[in-house]
Amino acid sequence: MSEIVNEAWRKYLIQLQSHPLRTKAITSGVLAGCSDAIAQKISGIKKLQLRRLLLIMLYGFGYGGPFGHFLHKLMDIIFKGKKDKKTIAKKVLLEQLTSSPWNNMLFMMYYGLVVEGRPWNLVKSKVRKDYPSIQLTAWKFWPIVGWVNYQYMPLQFRVLFHSFVASCWAIFLNLKARSGVIKQA
């Protein structure tokens, strides 16, 4: 079994080196799909909703992976690849003040408008109601993830690490988004 895992990892690294954006997009999409399948199961959905799963995968593939790819490249350009504690703190702070609020808002809107197909006024109301608590929770959780990512992960693995943790975060967001639907139904 370990030979299979080692070979798969070796092939993944080759793809990551040869086609970094594509590999990160696919990885993010697959992890987003896995997190949605888990969230569906936890929330009590009896039969897997494939449309929802594919739309969440599309979000990871079309947005999550590419955004992370370019964000981490930009951070290394802005901070010239420095890894001292002061620079890492600045990276985490910049990320938390810019991309964190944006990513949470965008996910909530995508989920409501695209995944659930709800009208804009209901999505806007849900975002207005739930966004502050989601963002405050994010600011308690993501700075630690960001610190670990910038301190210990090489640039080529930051999106993979972030996508893995984001798949856990997405379970939280999915369940939070679903809670409003269950109460209204």
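Guide: In this predicted model, the axes of H1 and H2 come within 5 Å and cross at roughly 125 degrees. An angle over 145 degrees would count as roughly antiparallel and one of 65 to 115 as roughly perpendicular; H1 and H2 are therefore oblique to each other. On the H1 side, the contact is made by Tyr12, Gln15, Leu16, Gln17 and Ser18, which meet Pro20, Arg22, Thr23, Lys24 and Thr27 of H2. By class, the residues of this contact comprise 3 nonpolar, 5 polar and 2 charged.

H2 itself has 23 residues, which at 1.5 Å a residue should span 33 Å; the C-alpha atoms at its ends are 33 Å apart, so expectation and model agree. Just after H2, Gly44 adopts a positive phi of about 90 degrees.

Both helices also contribute to the second largest pocket, as do H3 (50–78) and H7 (155–184), each of the four giving two or more residues to the lining. The volume of this pocket is about 160 Å³. Its lining consists of Leu13, Leu16, Gln17, Pro20, Lys24, His69, Lys73, Leu155 and Gln156. H1 gives the most, with 3 residues. The lining divides into 4 nonpolar, 3 polar and 2 charged residues. Leu16, Gln17, Pro20 and Lys24 belong both to the contact of H1 with H2 and to the lining of the second largest pocket.

Key: Residues are numbered from 1 along each chain as its sequence is written. This is a predicted model: local features need pLDDT of at least 70, side-chain atom pairs count only at pLDDT 80 or more; totals for chains, interfaces and linings use all residues. Side-chain values use heavy atoms; hydrogens and water are left out. On a 1 Å grid over the protein atoms alone, a cavity is a set of points where a 1.4 Å probe fits but cannot get out, and a pocket is an open set with protein on both sides within 12 Å along at least five of seven lines; lining residues have an atom within 4 Å of a point. Grid points are joined across faces, edges and corners, and a volume is the space filled by probe spheres set on the points. Ala, Val, Leu, Ile, Met, Phe, Trp, Tyr, Cys and Pro count as nonpolar, Asp, Glu, Lys and Arg as charged, and the others, Gly among them, as polar. Axes are lines fitted to C-alpha atoms, for helices over the stretch in contact, and angles run from 0 to 180 degrees between N-to-C directions. Angles under 35 degrees count as roughly parallel, over 145 as roughly antiparallel, 65 to 115 as roughly perpendicular and the rest as oblique. Contact means heavy atoms within 4.5 Å. The expected span of a helix is 1.5 Å times one less than its number of residues.
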